[in-house]
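Visitor: Please put the model up, and then I will ask about its fold piece by piece.

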Amino acid sequence: MKHERLVDILQSLSNVMSTSGDESEMRRALRPLLAGQVDELRVDSLGNLITLKKGTGESQLRVLVTAHIDEVGMMVVDHTPDGALKVQAVGGIDDRLLPGLNVCVGKEQLPGVIGIKAIHHSSSRERLKAIPLKELSVDIGAENRKEAQRLAPVGTRVTFSTQAHPLGELIAGKAFDDRAGCTALVALLHEEPFPFDLYGVFTVQEEVGLRGARVAGYAVAPAVAFVLEGTIADDLPKKEDVGPTSQIGQGPVLTVMDRSYISAPWLLRYTVQLAEKLGIPYQFKQPGIGGTDAGAIHLTRGGVPSLTLAVPCRYIHGPISLLKPADLEATITLTSAALRHLTAEQLANN
Ligand SMILES: [Zn+2]
């Protein structure tokens with residue numbers, strides 16, 4: 001896929017509001033991007049968008065590639081007498097980033113502001129303290145509880161209202177975890193057919209516990225799975241002498257082990273050897289951090305060899321993340337190569 005088209009898809013998907021458990025807007029945005037590129041498309045009862053791209057028939061393998069369509073955000077859980085919204089986090093968000101932010105409330109995308117006491121009234125002690133989300137509220141300009149309840153009933157989703165845009169050689173936007181992976185999966189589904197039937201699944205509720213992938217993995221029953229992600233690039237200068245988790249511009253980030261799974265060693269070795277052979281940059285994620293849909297998929301049925309390939313993104317789970325399109329392109333190139341060279345014999349011999 002051409003660079004401009006890829007960046008365009010990334011930016012448009014980044015702007016979609018799709019918090020865990022209510023991913024309808026992402027499904028709606030993906031359908032036109034997949035039209036004519038897949039042979040089957042269905043939505044299961046949790047909301048996973050399951051596509052099948054028929055292969056050339058050379059191989060009988062069933063291969064699954066996933067990317068999750070949910071993002072971290074907030075949900076309205078109560079209303080104050082003066083018309084503000086009380087919210088809870090959906091997925092892991094950092095309370096320190098929230099005060100003063102613009103947010104989008106509900107399907108109508110009502111503008112809101114996360115309210116905070118003016119600096120004039122705050123003691124020097126208060127100014128140094130992170131305010132927990134339960135002490136913050138979202139102001140949508142409602143006059144009273146009744147109006148707030150009408151405009152944003154309990155269960156209404158609240159998301160960061162960032163619009164994606166270029167930032168030097170980088171792209172800035174919200175939810176690159178995992179709109180980067182979604183963009184990569186769309187690009188793969190636009191390619192020529194693979195030797196085998198490829199199930200491209202856009203999963204739901206990853207951020208709240210890999211829930212969509214659990215049922216999608218069971219339904220597809222793949223022989224091998226690749227999980228496409230946007231992962232932490234923690235590559236800015238630090239005081240302590242600790243290595244970065246991953247770095248922007250250094251190519252796809254391969255998981256060896258995280259909190260949710262350990263990659264199948266042969267699949268990791270195979271992918272690394274391919275990257276070396278083809279001159280595609282790659283890096284390893286620092287072990288022991290985070291989890292991905294591979295954590296649920298690899299435990300499906302009799303077990304599924306799985307590998308996560310991720311685009312390094314700065315400031316994920318915050319209102320604005322940054323990525324380098326070259327990393328996204330290298331992730332697509334490496335995943336495509338790994339798919340096209342995969343054979344039943346490799347699986348049998350491991
Ligand atoms: Zn993710």
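What follows is a series of questions and answers on this structure.

Guide: This is a predicted model, in which local features need pLDDT of at least 70 and side-chain atom pairs count only at pLDDT 80 or more, while totals for chains, interfaces and linings use all residues. Residues are numbered from 1 along each chain as its sequence is written.

Visitor: How many helices and strands does the protein chain have?

Guide: Helices (H or I, at least four residues) and strands (E, at least two) are DSSP runs, numbered from the N terminus. On that basis the secondary structure of the protein chain comes to 10 helices and 17 strands.

Visitor: How far apart do the C-alpha centres of domain 1 and domain 2 lie?

Guide: The bounds come from an automatic or database domain assignment. It gives domain 1 as 3-71 + 174-348 and domain 2 as 73-160. The distance between their C-alpha centres is 32 Å.

Visitor: Into which classes do the residues on the domain 1 side of the contact with domain 2 divide?

Guide: Two residues are in contact if their C-beta atoms, placed from the backbone, lie within 7 Å. The contact takes 12 residues from domain 1 and 13 residues from domain 2. Ala, Val, Leu, Ile, Met, Phe, Trp, Tyr, Cys and Pro count as nonpolar, Asp, Glu, Lys and Arg as charged, and the others, Gly among them, as polar. The domain 1 side divides into 3 nonpolar, 5 polar and 4 charged.

Visitor: Which strands are the edge strands of the sheet of 8 strands?

Guide: Two strands pair if DSSP finds at least two bridges between them. The open sheet has the order β1-β2-β12-β3-β13-β16-β14-β15, with mixed pairing. Each edge strand pairs on one side only, and the two are β1 (40-43) and β15 (283-284).

Visitor: What is the bridge partner of V227 in β16?

Guide: Strands β13 (residues 224-232) and β16 (residues 306-313) run parallel and are joined by 8 bridges. In β16, V227 is partnered by T308.

Visitor: Why is one side of β10 and of β17 left without a neighbour in the sheet?

Guide: The order of this open, antiparallel sheet of 3 strands is β10-β11-β17. Strands β10 and β17 stand at its edges, so one side of each is left without a neighbour because each has a single partner strand.

Visitor: Which residue of β17 is the bridge partner of A172?

Guide: Strand β10 (residues 165-167) is joined to β11 (residues 170-173) by 3 antiparallel bridges, and H165 stands opposite A172. Strand β11 also pairs with β17 (residues 321-323) in the antiparallel sense over 3 bridges. There I171 stands opposite L323, and the partner of A172 is L322.

Visitor: Which residue in the turn between β6 and β7 has a positive phi?

Guide: Strands β6 (residues 102-105) and β7 (residues 110-115) run antiparallel with 4 bridges, and V103 stands opposite G112. They form a hairpin with 4 residues between them, and the turn residue with a positive phi, about 75°, is G106.

Visitor: At roughly what angle do the axes of α7 and α9 cross?

Guide: Axes are lines fitted to C-alpha atoms, for helices over the stretch in contact, and angles run from 0 to 180 degrees between N-to-C directions. T271, L274, A275 and L278 in α7 meet L334, A337 and A338 in α9, a contact of 6 nonpolar, 1 polar and no charged residues. The axes of α7 (residues 265-278) and α9 (residues 325-340) come within 10 Å and cross at roughly 115°.

Visitor: Where does L210 lie?

Guide: L210 is not a glycine, although its phi is positive at about 55°. Between β12 (197-203) and α6 (211-220) runs the element that holds L210, a loop.
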